[in-house]
Amino acid sequence: MTTVGLIGSGRIGGTVARLAVAAGHQVLLSNSRGPDTLTDLATELGPLARAATGQEAAGGGELVVVTIPFRAYRSVPPGPLTGKVIIDTCNYYPQRDGQIPELDSGALTSSELIQRHLPESAVVKAFNNIYYRHLASLARRPGAADRSYLPIAGDDAVAKTAVTAFLGSIGYGAVDAGPLTEGWRQQPGTPVYGAPYGSFQDPEGSPAGADAIRKALAAAER
C-alpha cells in the first residue's frame with residue numbers, strides 16, 4: 001500500500017485521509033498549525049495515521065495531497081516533493097484568495113501555477129470538484145453499478161495512472177480531463193463542480209458515472 005502525505009488536513013484532506021486508511025494506506029497528516037492540532041484526528045484514524053509537520057508529510061509521502069487554501073500554495077516545500085506525484089485539490093476563490101491576474105484572465109489555471117511552484121514534481125488536479133460529504137458517502141467498491149467518477153487533469157501520463165490507481169483503491173473511478181491547461185473545466189462554477197453528485201444540502205449525494213462526468217466537462221464554457 002501507499003504512504004499518503006497530506007499537506008492540509010481540513011474537510012477534503014481529512015476525508016481523503018479517512019478513505020485512504022479504510023483502504024489500507026498509511027497517511028501522514030499535516031496542517032499549518034502543527035502536529036499537536038492533529039493528534040485527535042490521528043487517534044481517530046488509528047495506527048495507519050500519524051500527525052506530522054508539513055516537511056515530514058512532504059518527505060515521507062509516496063503520493064502527496066496538497067489540500068490548502070489556494071492563496072497559501074507558495075508555502076508548499078518544493079524540495080521534499082522532487083520526483084513525486086502531487087494531487088492538487090485546491091480551488092481559486094478570489095473573494096478568499098485575492099485577485100490573481102493570470103487566473104482572472106484565463107492565461108493559466110490554478111494547477112499550472114502550482115506546477116510552476118513545484119517544477120520537479122508531477123501535479124495532477126483531483127478532488128476539487130466534489131463536496132467533502134459526498135466524497136465520504138459515495139465511495140464504492142470496484143465493479144459497483146453505482147460507482148462514482150472524478151475528473152483528473154495533468155501533464156504527466158505516469159502520474160495520472162498513479163492517481164487513477166489511488167482513486168480506485170479508495171472507491172472512485174477517474175475520467176481523464178486532459179492536461180493542466182484544461183483544468184479550468186473542473187473549476188468552481190463549471191458544470192462538473194459539485195452538481196453531478198447532487199445538492200450540497202443532501203449529505204449523501206447521488207452517484208455520478210463516467211458518462212455524466214464527461215458530459216459535464218464537455219459543457220464547460222469560459
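**Chatting about salt bridges and a cavity**

Visitor: Quick one: is Asp176 buried or exposed?
Guide: Asp176 is exposed, with a relative accessible area of 51%. Buried means under 20%, exposed over 50%, and partly exposed is in between (1.4 Å probe, protein chains only).

Visitor: What kind of model is this?
Guide: It's a predicted model, where local features need pLDDT of at least 70 and side-chain atom pairs count only at 80 or more, while totals for chains, interfaces and linings use all residues. Residues are numbered from 1 along each chain as its sequence is written, and side-chain values use heavy atoms, leaving out hydrogens and water.

Visitor: Which residue does Asp176 make a salt bridge with?
Guide: Lys160, at 2.8 Å from N to O. Lys160 lies in helix α8 (residues 157-170) and Asp176 in strand β8 (residues 173-176), so the pair ties together parts 16 residues apart in sequence. Helices (H or I, at least four residues) and strands (E, at least two) are DSSP runs, numbered from the N terminus. A salt bridge puts a side-chain nitrogen of Lys or Arg within 4 Å of a carboxyl oxygen of Asp or Glu.

Visitor: And Lys160, buried or exposed?
Guide: Lys160 is buried, with a relative accessible area of 12%.

Visitor: How many salt bridges does the structure hold?
Guide: Eight. One of them joins Asp88 and Lys125, whose closest N and O atoms are 3.3 Å apart. Asp88 sits in strand β5 (residues 85-88) and Lys125 in strand β6 (residues 122-125), so this bridge ties together parts that are 37 residues apart in sequence. Asp88 and Lys125 are both buried.

Visitor: What about Arg140 and Asp146?
Guide: Their side chains meet in a salt bridge too, 2.9 Å from N to O. Arg140 is partly exposed at 24% relative accessible area, and Asp146 is partly exposed at 31%.

Visitor: New topic. How many residues of helix α6 are buried?
Guide: Seven of the eight in α6 (residues 110-117), so the helix is mostly covered. Ser110, Leu113, Ile114 and His117 are among them. The buried residues pack against β5, α5 (101-104) and β6 (contact means heavy atoms within 4.5 Å).

Visitor: Which residues line the largest cavity?
Guide: Val66, Tyr73, Val76, Ile114, His117 and Leu118. A cavity is a set of points on a 1 Å grid over the protein atoms alone where a 1.4 Å probe fits but cannot get out, and lining residues have an atom within 4 Å of a point. The cavity holds about 30 Å³ of space.

Note on methods: 1 Å grid on protein atoms, 1.4 Å probe; cavity = no way out; pocket = protein on both sides within 12 Å on 5 of 7 lines; lining within 4 Å. Points joined across faces, edges and corners; volume = space filled by probe spheres on them.
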